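Please look at the sequence and the structure shown below, and then follow the points of this briefing with both in view.

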Amino acid sequence: MRLLILGGVAAGTKAAARARREYPDAEVTIVTQDEYVAYAGCGLPYFVGGEISEAKELIVRTPDEFKQENGITVLTRHQATQIDPAAHTVQVRDLMTGAEDGFPYDKLIIATGAVPILPKIEGINLKRVSTVRGLTDAKKIRALLDTGKLHTAVVIGGGFIGLEMAENLARHGLTVSIVELKSAILPGFDPEIAALTKNHLIEHGVQIYTGEGVTRILGNAHGEASGVVTDARTLPADLVILSAGIRPHTEVAAAAGVRVDVRGLILVDEYLRTSVADIFAVGDCASVRNRITGADTYSPMGSTANKTGRLVVANLFAPTEAFAGVQGTTIVRVFTLNAARTGLSTEEARAAGYDVETVLVPTPDRAHYFPGNRTIITKLIAEKSTHRLLGAQVVGEGVVDKPIDTLALGIAMGITVDALSGMDLAYTPPFASALSSSIVAANVLLNKLAGKVRGVSPCELALDDPALQLLDVRTEPEYLIAAIPGACNIPLAELTERRGELDPARPTVVVCKVGRRAYSAALQLQRAGFTDVRILDGGMTAWPFATE
Amino acid sequence: MTDYTLNCRGMQCPGPIMELFKQMKAAAPGDTAAISVTDMGFKKDIEVWCRKTKNTLVSLTEDAGVITAVVRKG
Ligand SMILES: Cc1cc2nc3c(=O)[nH]c(=O)nc-3n(C[C@H](O)[C@H](O)[C@H](O)COP(=O)(O)OP(=O)(O)OC[C@H]3O[C@@H](n4cnc5c(N)ncnc54)[C@H](O)[C@@H]3O)c2cc1C
């Protein structure tokens, strides 16, 4: 068998390596226009920041190693320009010499990945303006930083790559700003989680301008970037990072008649087969099914690229190993904050037609008395009628990867909130609480689903509603430290005697540190005839807005 | 002048700040209290609390997951 693979980063090389093991006699060739293969794209921001000291640490295997150890031919700086499905050949251009050659194949795997979307603005071609896609980009940026001459940077786009880059540029001492067109950073995350992440970045000196579009990049006399102009301001920028999203890199496939969607995403079935016989597509260039909604989606992740690259090899001759799809599981670290998600966000769940209930629950990440414990905030999203868990997000300075992976597994298995509440999870003080964060969150959600209490998200609390009665039931010193503007303070212990200070007919929102005291207060007020009581989800701990 | 020591490790909010509040109420100007806690949220809280109550935060350190703040009355 002649197996030809286009693209040699994550998906392409995974496929090549497994093909070599499964089909020892096959002739396996990787053609890529990149100068590097088999590098860890996900590690690029950390190489830029210096946490990873040299580029070579990110390279899993070189073309020579592929040849010697695996008998796989890798042609770098070779671009596939045309696929002829009828003749089973691919036209390839040597980018160094310009020479063209036809490569025959029996099976073709397209792993051409994605390319950054470039905003159509003036100044995009200036020096010191860079995308962060491949090792070439990262080396260029790192070399600029190592000169020590850069002082300011603007990152265009507040997705996870933009945030990771902001952190790593700040590590070099640069003053960094992020400009994001949408109203929030971290697309795909719920607004509370995104707002908390934004606060953390601001605390670490990164400026964030959301809801602002970049209109122009300014240059100096040397043709280098010097500033960024947005709808609202001009920011100094010795370096401009373009991280405003990516699109599938599939022009060659589309031109050959391989079915793509409007974005150019190659549509594949669960066996990674395209619409054309003997042509498969994997990684960032191919569609993946969302395992909750069943919809074909674009989910360009390294985790998926590695999985599909591996799987496709089993399906070259007959559909054998199906890909179950994705559920949007991602995780990001920004400075000392971690944020992770899995399943559907609240917005995605509603868009898919689910009637949902959500909670936002702060807990310590391990026993609260164990030194080193850190707060994490768990958001759960469940379908009201079935109690099925649809999504989860965890943010905080503590450990979030463990709960998110547990929740991801639960969601994949169709877990209900009731079942989650009863999960037998590992417990000993250095690792967890007796009731782990996910179980506590499930219990709060069950109380809400049972109608015992109603909540309001910090992002939905209308502070300007003149009828609103905002009651803070924390102690006086806590209230003194930080309170929501307009909140009145009646500590829980005094609520019974001082209840008369409140109007039972007015809509009342109760707030405390995490929600526990607010829950007790809300039950008390409801019993006393207050008709419209809600608690502030996540309390002051998850409140992402101004305090006084 | 008296130096008080408060072990508030293991206490969750509002425990530590309440203990400190009580101690500072009882203390004389110039007295100090060294309070150790395992609730990381305390770190931010203590700075604001000292500012707003006009007490002096003499030091704030973290070692092996334990935060120690030394606060002087006044
Ligand atoms: C900065 C950064 C951080 C990331 N962090 C994470 C993370 O933390 N977690 C995570 O899951 N994912 C992360 N990702 C995403 C992950 O890196 C990608 O999902 C993964 O690289 C996709 O691999 P791929 O092989 O499908 O495509 P790509 O990596 O895009 O590789 C495709 C290759 O094909 C080549 N090619 C394209 N067209 C042609 C052609 N016509 N002829 C020849 N060659 C061609 C390209 O030059 C490229 O080298 C990150 C990505 C970046 C850029």
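In the hairpin formed by S4(A) and S5(A), where 4 residues stand between the strands, A:His88 takes a positive phi near 55°. The model is a predicted one, and every value given here is computed from it.

**The hairpin and its sheet in chain A**

- Strand S4 (residues 78-84) of chain A pairs with strand S5 (residues 89-94) of chain A in the antiparallel sense, and the pairing runs over 6 bridges.
- Two of the residue pairs can be traced by name: A:His78 has A:Asp94 as its bridge partner in S5(A), while the partner of A:Ala80 in S5(A) is A:Val92.

**A parallel sheet in chain A**

- Strands of a sheet pair through backbone hydrogen bonds, and the pairing can be either parallel or antiparallel.
- In another open sheet of chain A the pairing is parallel, and its 5 strands come in the order S3-S2-S1-S7-S18.
- The edges of this sheet are strand S3 (73-75) and strand S18 (279-281) of chain A, each of which pairs on one side only.
- From one strand to the next, the twist of this sheet averages 20°.
- Within the sheet, strand S1 (residues 2-6) of chain A and strand S7 (residues 107-110) of chain A pair in the parallel sense over 4 bridges, and A:Leu6 has A:Ile110 as its bridge partner in S7(A).
- Helix H1(A) lies across S1, strand S2 (27-31) and S7 of chain A, and H1(A) runs at about 170° to S2(A).

**An enclosed strand in chain A**

- How many residues of strand S23 (residues 356-364) of chain A are buried? The count is 9 of the 9 residues, so S23(A) is largely enclosed by the rest of the structure.
- Both faces of S23(A) are covered, with A:Val356, A:Thr358, A:Leu360, A:Pro362 and A:Pro364 buried on one side, and A:Glu357, A:Val359, A:Val361 and A:Thr363 buried on the other.
- S23(A) pairs with strand S24 (residues 375-383) of chain A in the antiparallel sense over 9 bridges, and in S24(A) the bridge partner of A:Pro364 is A:Thr375.

**A buried leucine in chain A**

- A:Leu235 lies in strand S15 (residues 234-236) of chain A, and with a relative accessible area of 7%, which is under 20%, A:Leu235 counts as buried.
- Leaving aside neighbours within four places in sequence, A:Leu235 is in contact with several residues, among them A:Val154, A:Ser177, A:Val179, A:Tyr209 and A:Val228.
- A:Val179 is 56 residues away from A:Leu235 along the chain, and the C-alpha atoms of the two residues are separated by 9.8 Å.

- Two packed helices are described by the angle between their axes and by the distance between the axes.
- In chain A, helix H1 (residues 11-22) and helix H8 (residues 302-311) pack at an angle of about 30°, with their axes 7 Å apart, and H1(A) and H8(A) are therefore roughly parallel to each other.
- The contact is made by A:Ala11, A:Lys14, A:Ala15 and A:Arg18 of H1(A) and by A:Ala305, A:Asn306, A:Gly309, A:Arg310 and A:Leu311 of H8(A), and the residues of this contact divide into 4 nonpolar, 2 polar and 3 charged.
- In chain B, helix H1 (residues 15-26) and helix H2 (residues 42-53) pack at an angle of about 30°, with their axes 11 Å apart, and H1(B) and H2(B) are therefore roughly parallel to each other.
- The contact is made by B:Pro16, B:Ile17, B:Leu20, B:Phe21 and B:Met24 of H1(B) and by B:Phe42, B:Ile46 and B:Trp49 of H2(B), and by class it has 8 nonpolar, no polar and no charged residues.

Methods:
Residues numbered from 1 in each chain as written. Chains lettered and ligands numbered in written order. Predicted model: local features only at pLDDT ≥ 70, side-chain atom pairs only at ≥ 80, totals over all residues. Heavy atoms only, no water. Axes fitted to C-alpha atoms, helices over the stretch in contact; angles between N-to-C directions. Parallel < 35°, antiparallel > 145°, perpendicular 65-115°, else oblique. Contact = heavy atoms within 4.5 Å. Nonpolar A, V, L, I, M, F, W, Y, C, P; charged D, E, K, R; others polar. Buried < 20%, exposed > 50% of the residue type's maximum accessible area, 1.4 Å probe, protein only. Pairing = 2+ DSSP bridges.
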